[in-house]
Amino acid sequence: MEKIKQEREIPVVGKYDVVVCGGGPGGIMAAIAAARGGAKTCLIERYGFLGGMATAGLVAPISVFNYNGRRIINGLPWEFVERLEQIGGAREEKPLGNITFSPEKYKLVAQRMLKEAGVDIYFHSYITGVGMDKNAGSNRIEYVIIDNKNGAEAVAGKYFIDATGDSDLAAMAGVPMQPVKGQLQPASLIFMLSGVDTDALPMIRHSQQGVNYHDLMIRDLFTKLREEGTEDVPMFGGPWYCGILADGIVLVNMTRHFADMTDNRVAGDMECLLRENAHRYTELLRKYIPAFKNAELIATAPMTGIRETRRIKGAHTLTGEEYLEAIDFEDSVARGCHPVDIHSANSTNQRCQFMKDAGFVPYRSLYATEYPNMLVAGRNFSADEVASASVRVQASVMGLGQAAGTAAAMCAEGNTDVNGIDTDELRRRLVNMGANLSK
């Protein structure tokens with residue numbers, strides 16, 4: 001491959017205690033927690049709005065906050081939900097605590113909470129490089145390069161949080177990743193329909209524990225159509241629905257196909273295919289399902305929903321066995337209660353394994369041993385494919401962000417490497433914020 005060498009002078013536009021890369025559910029919580037903890041904080045986001053999978057991916061509901069009659073994800077994440085509810089932007093599906101929400105009001109509350117905390121936001125900024133400490137053997141990150149309408153800019157920091165989901169920052173810094181043991185879970189493009197008889201869709205409310213809210217009637221019908229060859233029915237999952245607090249409008253999660261979404265060309269081709277499929281499924285739903293007879297496709301998500309890409313190899317790799325057995329680690333800093341949710345890359349199949357009790361995530365799974373000033377906050381944390389398949393959802397990721405941001409502020413306060421802070425004190429601060437870290 002032909003290569004071009006380029007040298008350029010890049011202005012340093014900001015210096016911070018904590019730099020959060022990615023403005024999705026984990027990044028939002030991380031930045032607020034770090035700033036409230038006294039750290040000068042910024043957040044870098046590639047879109048012009050916040051929310052990540054919740055808003056750019058239209059992935060709904062925010063799941064899961066409650067389990068076995070208890071609030072499992074609490075503190076800043078639940079404060080965010082309450083702020084949404086106050087402006088009519090959220091509805092809790094009790095008792096499980098899935099949150100139906102307005103994507104636009106989600107964006108608004110997120111930016112309000114970040115600004116109130118004093119976080120600087122760099123919108124429309126894509127992370128294109130990372131600068132490392134020049135001392136031999138050091139893996140300390142000194143700055144990230146972002147590109148936007150101003151050109152290339154550098155943002156310097158003492159500590160960095162990778163909340164990109166895909167481990168973009170960590171990969172650029174050379175952090176080792178978990179091995180891929182099989183095909184990655186498939187990508188899905190959520191699409192929004194208007195004109196739907198939402199009263200006729202009982203599965204639109206995600207309110208009961210131990211229930212997989214896919215529409216079995218449509219699933220069986222479309223499986224039959226595929227097998228008979230009477231209709232062109234692309235590969236599908238679910239389907240799952242969620243409202244956005246507006247009558248007649250529903251989000252549909254059913255497109256799926258395997259792709260390594262960290263590969264630009266593969267991702268682009270996949271988005272074209274899934275967009276075609278969204279239009280095809282709209283036609284099929286209108287034709288066969290009475291509740292959708294007047295449906296119109298009004299939007300596909302700005303970005304494809306990604307279930308699995310790169311996960312760091314951290315100081316501890318959380319295993320499915322540890323997570324499903326609810327092992328309570330000495331340094332547990334977050335929890336999760338969504339079922340283990342593994343989608344087949346080559347079929348309509350899904351493994352859905354419900355939890356006996358909420359699992360725990362140790363702090364050691366949020367950093368790599370040889371990288372003294374970087375944490376992760378999202379589905380890119382150190383876990384195997386089973387544990388990750390539960391914790392990757394939004395409410396759990398918010399809890400990871402709360403933990404990572406609080407830890408980063410502690411590191412800045414004590415000028416300590418990420419593996420050197422007092423985890424008992426970290427846990428105490430998280431509990432004081434409202435986090436539930438007890439069985």
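This briefing covers the cores, salt bridges, strands and selected residues of one structure.

The model is predicted, so local features need pLDDT of at least 70, side-chain atom pairs count only at pLDDT 80 or more, and totals for chains, interfaces and linings use all residues. Residues are numbered from 1 along each chain as its sequence is written, and side-chain values use heavy atoms, leaving out hydrogens and water.

**Nonpolar cores**

- The largest nonpolar core holds 99 residues. Such a core is a set of buried Ala, Val, Leu, Ile, Met, Phe, Trp, Tyr and Cys residues joined through side-chain atoms within 4.5 Å. Buried means under 20% relative accessible area, exposed means over 50%, and partly exposed is in between (1.4 Å probe, protein chains only).
- Val144, Tyr363, Leu366 and Leu375 touch the most other members of this core. Helix H9 (residues 394-414) gives the largest share, 10 residues. Helices (H or I, at least four residues) and strands (E, at least two) are DSSP runs, numbered from the N terminus.
- Another core, of 22 residues, lies apart and includes Phe236, Met254, Phe292 and Ala295.
- Leucine 366 has contacts beyond four places in sequence, among them Ile312, Val333, Phe381 and Leu400. Contact means heavy atoms within 4.5 Å.

**Salt bridges**

- The whole structure has 20 salt bridges. Each is a side-chain nitrogen of Lys or Arg within 4 Å of a carboxyl oxygen of Asp or Glu.
- Arginine 379 and aspartate 166 form one, at 2.7 Å from N to O. Their pairing links distant parts of the chain, 213 residues apart. Both arginine 379 and aspartate 166 are buried.
- Arginine 392 bridges to aspartate 341, with the closest N and O atoms 3.2 Å apart. Arginine 392 sits in the loop between H8 and H9, and aspartate 341 in strand S16, 51 residues away. Arginine 392 is buried because its relative accessible area is 15%. Aspartate 341 is buried too, at 10%.
- Glutamate 283 and arginine 280 meet at 3.0 Å, N to O. They both lie in helix H6 (residues 264-288), 3 residues apart, about one turn of the helix. Glutamate 283 is partly exposed at 46%, while arginine 280 is buried at 18%.
- A network of salt bridges links Glu231, Arg280, Glu283 and Lys287.

**A buried charge without a bridge**

- Aspartate 133 lies in the loop between strand S8 (126-132) and strand S9 (141-148). Aspartate 133 is buried but has no salt bridge. The nearest side chain of opposite charge is arginine 140, 4.9 Å away. Lys and Arg count as positive and Asp and Glu as negative; His and the chain ends are not counted.
- A polar atom of the aspartate 133 side chain lies 2.9 Å from the backbone nitrogen of asparagine 135.

**Strands and a loop**

- Strands S16 (residues 340-343) and S17 (residues 350-353) run antiparallel, joined by 4 bridges. Two strands pair if DSSP finds at least two bridges between them. S16 and S17 form a hairpin with 6 residues between them.
- Methionine 303 lies in the loop between strand S14 (296-300) and helix H7 (320-324). Methionine 303 is buried, at 10% relative accessible area. Methionine 53 is 250 residues away along the chain, yet the two C-alpha atoms are separated by 7.9 Å.

Notes
A polar contact is a pair of N or O atoms within 3.5 Å; within protein, one must be able to donate a hydrogen and the other to accept it, and residues adjacent in sequence count only if both atoms are side-chain atoms.
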